[in-house]
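User: Hey, I've just been handed this one and I'm new to it. Can we go through it together?
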Amino acid sequence: MSNGGSNQPRPSKNDRREAAREKARALREEQKKRERRNKILLQGGIIVAVVAIAALVGGLIFNSVKPAGPGPRNMASDGIVFTGTDGTVTPTETPATPAGGKPTPTEQDDSGEVANIVTYIDYLCPYCGQFEQTNRDAIKTMVEQGAATLEVHPIAILTNRSAGTQYSLRAANAAACVADLSPENFLDFNDALFDNQPAEGSTGLSNDDIKKLAEQAGVGSLSKVEKCIDDVQFKSWVQDATNRALSGPLPNTTEVESVKGTPTVLVNGKQYTGSLSEATEFQAFVTQAASQSFTNSTPSPSETPAPTPAQ
């Protein structure tokens with residue numbers, strides 16, 4: 001009579017060893033399969049990540065390296081020109097310079113009765129701020145009376161002097177935005193930028209700060225100007241205009257080849273090199289330059305020809 005249990009004989013020692021070996025082989029094979037799957041998944045993830053990073057970098061490059069667009073309106077010469085009469089200052093309206101096009105030099109008044117004042121300025125330049133604070137009221141008065149014209153060229157030679165924020169370039173772009181969309185408010189905005197001029201080497205004003213100054217200056221088409229400031233719409237133009245000023249030749253002068261520093265101030269083609277803080281000195285220079293132009297433009301009396309001897 002049986003006591004119960006399996007009737008199968010117990011596996012031998014060799015059988016048990018072979019079964020263990022088979023189990024180990026199965027485990028190794030399963031491990032290899034898992035490793036192959038993980039490797040494929042890892043490679044796929046890396047490829048997806050690389051594609052995503054490439055797309056991101058490509059998008060950043062596309063957004064930062066925008067194709068050059070046209071320059072701002074009312075700055076066909078790379079500067080905005082103001083004339084005046086009877087107490088009124090009026091900006092000269094001009095079409096925008098096409099992308100890749102060359103600026104059109106301003107036709108200055110060569111009668112000798114008008115002082116043609118041309119300034120090349122950088123909104124981060126402390127010397128420009130000093131010149132502006134000293135002379136801007138007198139210059140506006142001369143323009144209002146029709147005794148002078150004013151041509152302002154915003155350039156950016158100090159772009160790398162604002163702790164990486166490119167304030168010089170952004171401020172010049174903002175000035176171009178105002179010239180393009182609200183030229184009648186340009187001088188007020190120009191004054192506001194210098195009245196709130198940051199120190200060279202600082203981070204400068206933020207775009208929001210610049211937009212507040214535009215609003216305080218009464219700039220029209222404000223929402224469009226603000227978008228133009230945020231988009232740095234005229235970045236390429238500012239860079240091109242700056243390079244043109246630095247490389248020369250400067251129009252309407254035979255005495256100054258190019259801008260060597262800011263401010264560069266010309267009156268009827270002659271460069272002012274006097275004090276930046278003495279208004280009377282600059283006014284005397286303006287009077288002298290205009291009178292010299294008048295002298296040069298006055299035709300000399302012709303000589304009376306000697307009578308021809310009779311034959």
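User: Where does P263 lie?
Analyst: P263 lies in the loop between α7 and β5. Keep in mind that this is a predicted model.
User: And what kind of peptide bond runs from T262 to P263?
Analyst: A cis one, with omega near -5°. The loop between α7 (235-247) and β5 (264-267) also holds P249, and a cis peptide bond joins G248 and P249, with omega about 0°.
User: OK, phi then. Which residue has a positive phi of about 55° although it is not a glycine?
Analyst: That's Q166. Q166 is found in the loop between β4 (148-154) and α3, and at 34% relative accessibility Q166 counts as partly exposed. V232 has a positive phi too, near 45°, and V232 is found in the loop between α6 and α7.
User: Switching topic: how many disulfides does the count come to?
Analyst: The count comes to 1 disulfide. C177 and C228 form it, with their sulfur atoms 2.0 Å apart.
User: What parts does the pair tie together?
Analyst: C177 lies in helix α3 and C228 in helix α6 (residues 222-231), so the pair ties together parts that are 51 residues apart in sequence.
User: Are C177 and C228 buried or exposed, and why is the disulfide called left-handed?
Analyst: Both C177 and C228 are buried. The torsion about the S-S bond is about -80°, so the disulfide is left-handed.
User: What about C125, which is in no disulfide?
Analyst: The cysteine sulfur nearest to that of C125 belongs to C128, 3.0 Å away. That is too far for a bond, because a disulfide needs sulfur atoms within 2.5 Å. C125 is buried, with a relative accessible area of 2%, and C128 is buried as well, at 0%.
User: Now the inside. How many residues has the largest nonpolar core?
Analyst: The largest nonpolar core has 57 residues, and those with the most contacts inside it are I117, F186, F189 and F282. Helix α3 (residues 167-181) gives the largest share of this core, 10 residues. There's also a second, separate core of 8 residues, with V118, A245, L250 and V256 among them.
User: Back to I117: which residues is I117 in contact with, leaving aside neighbours within four places in sequence?
Analyst: I117 is in contact with residues including I139, M142, L150, L266, V267, F282 and V286. T149 and E151 are also among the contacts of I117.

Notes: Residues are numbered from 1 along each chain as its sequence is written. This is a predicted model: local features need pLDDT of at least 70, side-chain atom pairs count only at pLDDT 80 or more; totals for chains, interfaces and linings use all residues. Side-chain values use heavy atoms; hydrogens and water are left out. A nonpolar core is a set of buried Ala, Val, Leu, Ile, Met, Phe, Trp, Tyr and Cys residues joined through side-chain atoms within 4.5 Å. Buried means under 20% relative accessible area, exposed over 50%, partly exposed in between (1.4 Å probe, protein chains only). Helices (H or I, at least four residues) and strands (E, at least two) are DSSP runs, numbered from the N terminus. Contact means heavy atoms within 4.5 Å.
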